[in-house]
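Hi there,

Here is the structure I promised to pass on to you. Please have a look at it first, and then read my notes below.

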Amino acid sequence: MEANGEDNGMGKDKVRIGIIGAGRIGKIHADNLLRNPHAEIVAISDLFAGPELEAWASERGISVVTKDSSELIAMPSIDAVLICSSTDTHVPLIEQAAQAGKHIFCEKPVSMELSQTEAAVAAVAKAGVKLQIGFNRRFDHNFRRVRSHVLEGTIGDPHIIKITSRDPSPPPAEYIRVSGGIFMDMMIHDFDMARFLSGSEVEEVYAKGKVLINPVFAEHGDVDTAIVTLTFANGAIGVIDNSRQAVYGYDQRVEVFGSLGSASADNDHPNTAEISTAAGLMRDKPLHFFLERYNEAYVQETALFIDAIIQDKSVIVDGNDAVQAERIALAAKMSMEQRRPVKMTEVPGAPRETQPAN
């Protein structure tokens with residue numbers, strides 16, 4: 001995997017990183033990587049870079065701050081890039097980074113157009129570099145434990161996969177307008193989780209969605225409440241429910257029910273204390289939102305990306321996983337609009353014969 005004649009991070013004990021996009025998630029990844037002894041952040045770029053970002057970077061020992069992502073990608077001292085910029089920039093940045101021989105971590109979704117995502121994945125394959133996608137929930141300690149029981153056969157053959165994912169409050173209208181819709185923006189994490197937990201590809205999708213929270217979603221051709229049923233190649237069936245507003249907090253639960261039992265993961269809470277009085281039972285609400293709920297998952301996903309580069313191993317969630325999640329999202333949208341089940345064979349592309357074993 002020696003693109004452009006460089007070792008590209010292999011055979012080293014430290015990977016030199018460039019981060020593209022200094023918004024909330026870019027800064028979270030930066031702070032996590034700064035605590036990783038095997039990573040060094042060389043540069044960060046953002047279209048709106050200025051004195052505030054320069055001060056932030058200086059406090060963290062990041063020496064290069066630029067508005068030009070091309071300048072960052074061209075730096076010979078950089079082994080890998082983290083793409084944390086807006087979705088519409090992902091594909092050209094992946095292609096440019098791959099051509100420059102850099103390993104790539106990219107936030108989800110890769111794009112809103114399946115053909116563009118496939119082109120980006122092809123560019124990565126041609127360059128022989130690694131591409132990891134930011135499906136952070138695969139790295140959650142609870143969900144990984146459920147997955148391990150499925151792989152070990154503890155619950156037998158999977159029969160039913162249930163995933164609940166509900167946000168504490170809706171996003172602003174300006175975000176809804178460009179989000180790509182509930183299936184591509186929100187439920188895409190759950191489509192990836194469904195494949196991850198079931199160990200199987202999806203064969204059929206049936207989606208139902210409504211606007212029950214705020215009419216602003218309808219104004220942008222979207223829904224705020226949705227249920228999707230999935231049929232898997234291994235015979236299992238799945239149910240995913242999403243809501244843009246759960247008044248009690250961030251609701252993230254999964255269950256895999258099988259022939260020998262079930263494995264489930266409940267919400268994470270700030271503590272496990274439960275108060276019992278004559279008035280009833282009380283406990284704290286779930287952790288507020290994704291930054292709190294998946295804090296450790298964000299740490300783990302970048303740590304394992306660095307490890308994959310140093311050890312020259314496969315990444316846990318790759319370009320094919322991005323393509324398949326986007327295909328399911330497209331099938332769900334088609335199903336909801338046409339009010340019918342949609343076979344995955346109706347959606348362009350096809351899954352690989354096997355998924356990564358991790």
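Let me start with a term: a crossing of helices is right-handed if the near helix is turned clockwise from the far one by less than a right angle, and left-handed if it is turned anticlockwise. With that in mind, H9 passes H13 in a right-handed crossing. Please remember throughout that this is a predicted model.

The axes of H9 (residues 188-198) and H13 (residues 319-338) come within 9 Å and cross at roughly 115°. On the H9 side, the contact is made by Ile 188, Phe 191, Asp 192 and Arg 195. H13 brings Asn 320, Asp 321, Gln 324, Ala 325, Glu 326, Ile 328, Ala 329 and Ala 332. By class, the residues of this contact are six nonpolar, two polar and four charged.

H1 (residues 24-34) and H12 (residues 295-311) pack at about 65°, with their axes 9 Å apart, and their crossing is right-handed. Here Ile 25, Ile 28, His 29, Asn 32 and Leu 33 of H1 meet Tyr 298, Val 299, Glu 301, Thr 302 and Ile 306 of H12. This contact divides into six nonpolar, three polar and one charged residue.

H1 turns up again beside H2 (residues 51-59): the buried residues of H2 pack against H1, strand E2 (39-45) and strand E3 (64-66). Which residues of H2 are buried? They are Leu 53, Trp 56 and Ala 57. These lie on the same side of H2 because they cover an arc of only 95° around the axis. On the other side of H2, Pro 51, Ser 58 and Glu 59 are exposed. After H2 comes Gly 61, with a positive phi near 75°.

Leaving aside neighbours within four places in sequence, Ile 104 is in contact with residues including Val 81, Ile 83, Ile 94, Val 124, Leu 131 and Phe 305.

Beyond its neighbours within four places in sequence, Asp 251 is in contact with Thr 164, Ser 165, Arg 166 and Asn 267.

Best wishes

Terms used. Residues numbered from 1 in each chain as written. Predicted model: local features only at pLDDT ≥ 70, side-chain atom pairs only at ≥ 80, totals over all residues. Heavy atoms only, no water. Axes fitted to C-alpha atoms, helices over the stretch in contact; angles between N-to-C directions. Helix = DSSP H or I, 4+ residues; strand = E, 2+ residues; numbered from the N terminus. Contact = heavy atoms within 4.5 Å. Nonpolar A, V, L, I, M, F, W, Y, C, P; charged D, E, K, R; others polar. Buried < 20%, exposed > 50% of the residue type's maximum accessible area, 1.4 Å probe, protein only. Arc of directions from axis to C-beta.
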